[in-house]
Amino acid sequence: MKIFRGFHHPGIARACALTIGNFDGVHRGHQAMLALLNSEAAHRGVESCVLTFEPHPRDYFAGALHKPELAPARIGTLRDKLTELARCGVQQTVVLPFDARLAAQSPQAFIDEVLMKGLGARYVLVGDDFRFGAQRAGDYALLDATGQASGFDVARMNSYEVHGLRVSSSAVRQALGQGDLEAAARLLGRPYTISGHVVHGRKLGRELGASASGAGDGFRTLNLRFAHWKPAASGIFAVQVHGLGDVPLPGVANLGVRPSLDPDDVNGGRVLLETHCLQWPADLGAEGAYGKIVRVELLHKLHDELKYDGLDALTTGIAKDCADARAYFASAHAPTNHTETRRQTTRDRI
């Protein structure tokens, strides 16, 4: 999949079948829309293209109005969104910066400058609640009328439902916020995952609970930065880690802001996913994971983040979390490998 920041690039397709949206989570409703988009693109002999925005428009307006509560919780990072779009067969994604200029652009100007001149849209597929342009004044009727006058087709896809439940990013956020990872996986059609480069931290975990040898063999963690300040999920989870070997590794992870550590931490103020593998690969050594791209599946929530009174209490808490995660993986409900994980979570069980 080709990825562009904006549309002023020589390698961008001159004509495309296009859909527009934030695609946070790339859930099953998005997947159905993308399948239709790919079919229409192939029928017309053009590339399939997704136009998405960064930051999320609601993030932009929350900042402009100094009302952070208006920003939606973020399901996935941009990396994970692009990965899933590529997995769905999209040939081209354009990430358009959402800024003051775009927010003030009239609906007609958006059609003329972005969809037609910028992207060469020959077919435009939108959701049933699609609005665009300044003050969200543009709607399907305007888009369709312009398409008829200008020579591109416009189609609208109704909400995707399973057993009467509308599949939406809001529903995924709600499931993640409630710690219901099974419900989130059913809406997503896959386990909820976060991926990224392993970054350096304070290296405190390897000292907590370390053996008397002083070998730094305590609760060593893989640290991934979650770029958005407001993740849809938070807390302590039983997880599986992919990317450090041929098989997924069971682990326990903390997604959040680490309230038990001081604000001078090297990653202070940032949301991190800190994962301790219950079976650390011996061939990695203490430093071998840094810089690698790993993918962490959040399978089961153990509890919310806790603030511990000192490092001894933190060590005890982490040890209990590890024991609880081992108990989860030993249970009949836990997946035994990645294949079983995907088989269980992609069944239509909503």
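1. His242 stands opposite Arg295 in strand E14 (residues 293–303). E14 runs antiparallel to strand E11, to which 7 bridges join it. Strands here are DSSP runs (E) of at least two residues, helices are runs of H or I of at least four residues, and both are numbered from the N terminus; two strands count as paired if DSSP finds at least two bridges between them.

2. This is a predicted model, in which local features need pLDDT of at least 70 and side-chain atom pairs count only at pLDDT 80 or more, while totals for chains, interfaces and linings use all residues. Residues are numbered from 1 along each chain as its sequence is written, and side-chain values use heavy atoms, with hydrogens and water left out.

3. E11 (residues 235–242) also pairs with strand E12 (residues 249–256), in the antiparallel sense and over 7 bridges. Val241 has Leu249 of E12 as its bridge partner. The hairpin of E11 and E12 has 6 residues between the strands, and Gly243 there takes a positive phi near 115°. E11 is mostly covered, with 8 of its 8 residues buried (under 20% relative accessible area, with exposed over 50% and partly exposed in between; 1.4 Å probe, protein chains only).

4. The largest nonpolar core has 36 residues. Such a core is a set of buried Ala, Val, Leu, Ile, Met, Phe, Trp, Tyr and Cys residues joined through side-chain atoms within 4.5 Å. Leu176, Tyr192, Val241, Leu244 and Leu298 have the most contacts inside the largest core. Elements giving two or more residues to this core include E11, E12, E14 and helix H8 (181–188); the largest share, 5 residues, comes from H8.

5. Leu244 is in contact (heavy atoms within 4.5 Å) with residues including Leu222, Leu249, Cys277 and Val294, leaving aside its neighbours within four places in sequence. A second, separate core of 28 residues includes Leu18, Phe98, Val114 and Val124.

6. An open sheet of 6 strands, with parallel pairing, has the order E1-E4-E3-E2-E5-E6. Strand E1 (2–5) and strand E6 (153–157) stand at the edges with a single partner strand each, so one side of each has no neighbour in the sheet. Neighbouring strands of this sheet are turned by 20° against each other on average, direction ignored. E1 pairs with strand E4 (residues 92–97) over 4 bridges in the parallel sense, and Ile3 stands opposite Thr93 in E4.

7. Helix H1 (residues 28–44) lies across strand E2 (16–20), E3, strand E5 (121–127) and E6, and runs at about 165° to E5. Helix H6 (residues 140–150) lies across E5 and E6, at about 155° to E6. Axes are lines fitted to C-alpha atoms, for helices over the stretch in contact, and angles run from 0 to 180 degrees between N-to-C directions.

8. In helix H2 (residues 57–64), the buried residues are Pro57, Asp59 and Ala62. Strand E3 (47–54) is among what covers them. His66 follows H2 and has a positive phi, near 55°.

9. Of the 38 residues that line the largest pocket, Gly21, Asn22, Asp129, Phe130 and Arg136 are the closest to its centre. On a 1 Å grid over the protein atoms alone, a pocket is an open set of points where a 1.4 Å probe fits, with protein on both sides within 12 Å along at least five of seven lines; lining residues have an atom within 4 Å of a point. H1, H2, helix H4 (100–104) and helix H7 (169–177) each supply at least two residues of this lining.
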